[in-house]
Amino acid sequence: MVVQNSADAGDMRAGVQLEPFLHQVGGHMSVMKYDEHTVCKPLISREQRFYESLPLAMKQFTPQYKGTITVHLWKDSTGHLSLVANPVKESREPFKVSTESAAMAIWQTLQQTTGSSGSACALAQWPHAQLACSPKESPAKALLRSETHLNAPASSLVEDTNGNQVERKSFNPWGLHCHQAHLTRLCSEYPENKRHRFLLLENVVSQYTHPCVLDLKMGTRQHGDDASEEKKARHMRKCAQSTSACLGVRICGMQVYQTDKKYFLCKDKYYGRKLSVEGFRQALYQFLHNGSHLRRELLEPILQQLRALLSVIRSQSSYRFYSSSLLIIYDGQEPPERAPGSPHPQEAPQAAHGSSPSGLTKVDVRMIDFAHTTYKGSWNEHTTYDGPDPGYIFGLENLIRILQDIQEGE
C-alpha cells in the first residue's frame, strides 16, 4: 500500500505502509510485510553484519538479505498508527486504504475495537493462558490463547465456553501481538517523525498457499555474550525448564493447516515451553498432521534438508547461534493426485533447495534471528569460540532422530 502524507503539502515523499505479517508464529520482534516477497524487521547491527558476511554454504538455509530501509511512525486523520517505509522508487499515488489487504483490514478493525492505538495498550496485554472464549468476549481478548485457529483469509470456528462452535474473525495472533507491542513502544519512546532502520528479508512463505510453519528455538543456550546477569539467569532458567536443556531444541510457535476444518491450528511459545520430551515429539507429529492424516511424504524432504544443514553447521568454526530459530515450512495445500506410475514424492530425488519438480512435495528449512550470533572476526565480540556450535548440533541431531522415529512409525 502506498501512502502520501497529505498533512504536509510540501512533503512529496511517498512511502509504503507496512502491514503486520500474519504468518509470524514466534519471536518477540515485530516482522512486517513490505511486499508479497519481502518482509522487514527492526535493524540490529549484529544481525545486519551477519547477513552481510554470511558464509556461502549457509545462504540456502537463511532468508535472502535485501538491504535496509528507513521507517517512520505515521498517524492518519482518524488517529490510526502505521509504520511507513521509504520505498525503493518514488511514487506519486495518493494515500488510500486497500480493501484487498486482509492484514490491514484485520489490523484496522482491531485498532477500532481497542480504541486509538496511540494510547491503548490493550493488544499488548492479551491473556496468554486462555483456552476458550465466550461470545461476549472482545476479539482482542480472545486472540492470545495457547491454541488458536487461523483461517485463510480471516475467519475460523472456535468453541465457546459451552462447547458451541462460534464463527469468529481470527488469525494467527502472534505477529499482531508483536506489532502492537512494537507500536506501543515506538509511540511512547520516540517522536512521530523519528526515522528507524529496518532490515529487508525474503518472505520465505510467499510461495505457499497455506503455509504451515514451525518455529524452533535451537541450542542449549539462548543468552548472548552481552546479556546482563539478570537476563542471563532468566534465559538459563527457561532452558532448564524446557526441552532446550535435554534436547537442544524447543517449540517457539507453529501453525498447521487443518484441511478438514479449513483453518490453521496455532500454538505459541508458552505452549512450547511447557512440553516434555514426549510432548515435543507429539507436537512434531501434530505439525505434520493435517487433521485427517499424517503427511508422511514430508518427512524425507525435511530430513534431507536437516541433514544437509547439520553438515553445514559442523563445518562453521567459531559460530555460535545463540537465540536463533529454525523454521520448517511446507504447504498445507496438498499437491494434486499423482499420475499412475509416477514416483511417490518420498521416492523421487529431492530438487535443489527452494525448488521442487512438479508434483513433488516442497519444504523449506531456514535459520532466522541472528541478533545474538557471534563468530570470529565479527565486530566488538566479548568472546570468541573454536569449532562448530555444539548446542545447535545437539538440537539438530535430536530433531532428526525424533523425525526419523515418526517416519519409522515409532
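# Notebook: a look around a predicted model

I began with Asn203, which counts as buried because its relative accessibility is 6%. I noted the cut-offs: buried means under 20% relative accessible area, exposed means over 50%, and partly exposed is in between, with a 1.4 Å probe and protein chains only. The model is predicted, so I kept in mind that local features need pLDDT of at least 70, that side-chain atom pairs count only at pLDDT 80 or more, and that totals for chains, interfaces and linings use all residues. Residues are numbered from 1 along each chain as its sequence is written, and side-chain values use heavy atoms, with hydrogens and water left out.

**Entry 1: Asn203 and its surroundings**

I found Asn203 in the loop between β11 (195–202) and β12 (211–218). Helices (H or I, at least four residues) and strands (E, at least two) are DSSP runs, numbered from the N terminus. Which residues does Asn203 touch, not counting residues up to four places away in sequence? I listed Phe21, Glu36, His37, Thr38 and Val39. Contact here means heavy atoms within 4.5 Å.

**Entry 2: Leu73**

Next I looked up Leu73, which lies in strand β6 (residues 65–75). Leu73 has 6% relative accessibility, so it counts as buried. I left aside its neighbours within four places in sequence and found Leu73 in contact with Leu81, Ser82, Leu83, Leu183, Leu186, Cys187, Glu192 and Lys194. Leu73 and Cys187 are 114 residues apart along the chain, yet their C-alpha atoms are separated by 7.7 Å.

**Entry 3: two helices**

The expected span is 1.5 Å times one less than the number of residues. At the start of α9, I saw a side-chain oxygen of Asp389 within 3.1 Å of the backbone nitrogen of Gly391. The buried residues of α9 include Tyr392, Leu396, Leu399 and Leu403. After α9 comes Gly409, with a positive phi near 85°.

Helix α3 (residues 174–189) has 16 residues. From first C-alpha to last, α3 reaches 23 Å, close to the 22 Å expected at 1.5 Å a residue. Among the buried residues of α3 I wrote down Trp174, His177, His179, His182 and Leu186.

**Entry 4: aromatic rings**

A pair of aromatic rings is described by the distance of the centres and the angle of the planes. Rings of Phe, Tyr and Trp (its six-membered ring) pair if their centres lie within 6.5 Å; planes under 30 degrees apart count as stacked, over 60 as edge-to-face and the rest as tilted. How many aromatic pairs does this rule give? The count comes to 15.

I picked Tyr51 and Phe370, an edge-to-face pair at 5.5 Å centre to centre, with 85° between the planes. Tyr51 is in helix α1 (residues 45–52) and Phe370 in the loop between β17 (363–368) and β18 (373–374), so the pair ties together parts 319 residues apart in sequence. Both Tyr51 and Phe370 are buried.

The ring centres of Phe287 and Tyr330 are 5.1 Å apart and the planes are at 70°, so this pair is edge-to-face. Phe287 sits in helix α7 (residues 277–287) and Tyr330 in strand β16 (residues 325–331), 43 residues apart. Phe287 counts as buried because its relative accessibility is 2%, and Tyr330 counts as buried at 1%.

I also traced a cluster in which ring pairs link Phe50, Tyr51, Tyr65, Tyr319, Phe321, Phe370, Tyr375 and Tyr392.

**Entry 5: salt bridges**

A salt bridge is a side-chain nitrogen of Lys or Arg within 4 Å of a carboxyl oxygen of Asp or Glu. By this rule I have 15 salt bridges.

Lys41 and Asp369 form one of them, at 3.0 Å from N to O. Lys41 is in strand β5 (residues 38–42) and Asp369 in the loop between β17 and β18, so this pair ties together parts 328 residues apart in sequence. Is Lys41 buried or exposed? Lys41 counts as buried, at 8% relative accessibility, whereas Asp369 counts as partly exposed at 21%.

Glu189 is partly exposed at 47%, and Arg185 is partly exposed at 34%.

Definitions and conventions: A polar contact is a pair of N or O atoms within 3.5 Å; within protein, one must be able to donate a hydrogen and the other to accept it, and residues adjacent in sequence count only if both atoms are side-chain atoms.
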